[in-house]
Amino acid sequence: MFERFTRGARATVKGAVAQAERAGAGSVTEEHLLLALLEQEGGRASFAVTALGLHDRRSSLEASFAEARRRGGLTRADTDALAGIGIDLGAIVSRVEGAHGEGALDADRRSRRWWWSGHRPFTPGAKTVLENALRVALGRGDRFIGEEHLLLALTAKPGSVADVLAEHGATYTAVQRALYGSDDGAAGQGHAQAG
């Protein structure tokens with residue numbers, strides 16, 4: 001599959017590894033893929049993230065990601081569902097952090113296999129984004145996988161990254177419009193296959 005990646009998409013994947021290294025993370029996550037996309041210049045995805053104002057709100061994105069990691073990666077929908085049955089996730093997080101230290105629920109803290117192997121593995125979620133990028137490309141009839149397909153796949157995969165993007169106005173539909181100008185039939189097929 002990697003042979004179908006454009007130069008920009010390959011640079012994004014390599015940039016995600018670099019993001020994980022800078023953060024001291026044990027593995028490469030969807031968040032690292034998005035942060036690497038924000039650093040790309042000159043491609044269709046770069047145009048879309050600029051048009052959606054994501055470049056200007058990078059610090060806000062990073063703060064939202066930190067809060068999602070603090071919640072153990074639970075999405076807003078998860079948090080709302082728990083609240084609906086009377087469970088205050090904020091109170092639970094505070095109690096756990098009080099007993100075990102700040103960031104105790106951050107799942108990546110426990111994964112340090114890279115220390116021994118010399119490289120950081122991709123999380124199952126990050127692998128799914130790469131696979132869904134292929135589905136998005138095929139759904140659009142493209143013979144390549146570009147940064148734009150990675151960006152769409154990030155918005156299509158339910159989870160904290162899609163939640164944070166949606167909070168910042170970058171839903172699948174908004175990204176699709178920024179990339180292609182409309183909700184054409186091929187783009188709709190890509191969404192159906194990516195989700």
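Reader: Helices (H or I, at least four residues) and strands (E, at least two) are DSSP runs, numbered from the N terminus. Which of them gives the largest share of the lining of the largest cavity?

Author: α10, with four residues. Note that this is a predicted model, where local features need pLDDT of at least 70 and side-chain atom pairs 80 or more, while totals for chains, interfaces and linings use all residues. Residues are numbered from 1 along each chain, and side-chain values use heavy atoms, without hydrogens or water.

Reader: How many cavities of 30 Å³ or more?

Author: One. A cavity is a set of points on a 1 Å grid over the protein atoms alone where a 1.4 Å probe fits but cannot get out; lining residues have an atom within 4 Å of a point.

Reader: Which residues line the largest cavity?

Author: Ser64, Ala68, Arg71, Arg76, Ser160, Asp163, Val164 and Glu167. Two or more of the lining residues come from each of α4 (58-70) and α10 (160-167).

Reader: Switching topic, what sits over the ring of Tyr180?

Author: The charged end of Arg140, 3.4 Å from the ring centre. For Arg, the rule asks for CZ within 6 Å of the centre and within 35 degrees of the ring normal.

Reader: And His32, buried or exposed?

Author: Buried, because its relative accessibility is 7% and the cut-off is under 20% (1.4 Å probe, protein chains only). His32 is in helix α2 (residues 30-39).

Reader: What is His32 in contact with?

Author: Beyond neighbours within four places in sequence, Ala16, Gln19, Ala20, Ala23, Ala25 and Ser27. Contact means heavy atoms within 4.5 Å.

Conventions: On a 1 Å grid over the protein atoms alone, a cavity is a set of points where a 1.4 Å probe fits but cannot get out, and a pocket is an open set with protein on both sides within 12 Å along at least five of seven lines; lining residues have an atom within 4 Å of a point. Grid points are joined across faces, edges and corners, and a volume is the space filled by probe spheres set on the points. Buried means under 20% relative accessible area, exposed over 50%, partly exposed in between (1.4 Å probe, protein chains only).
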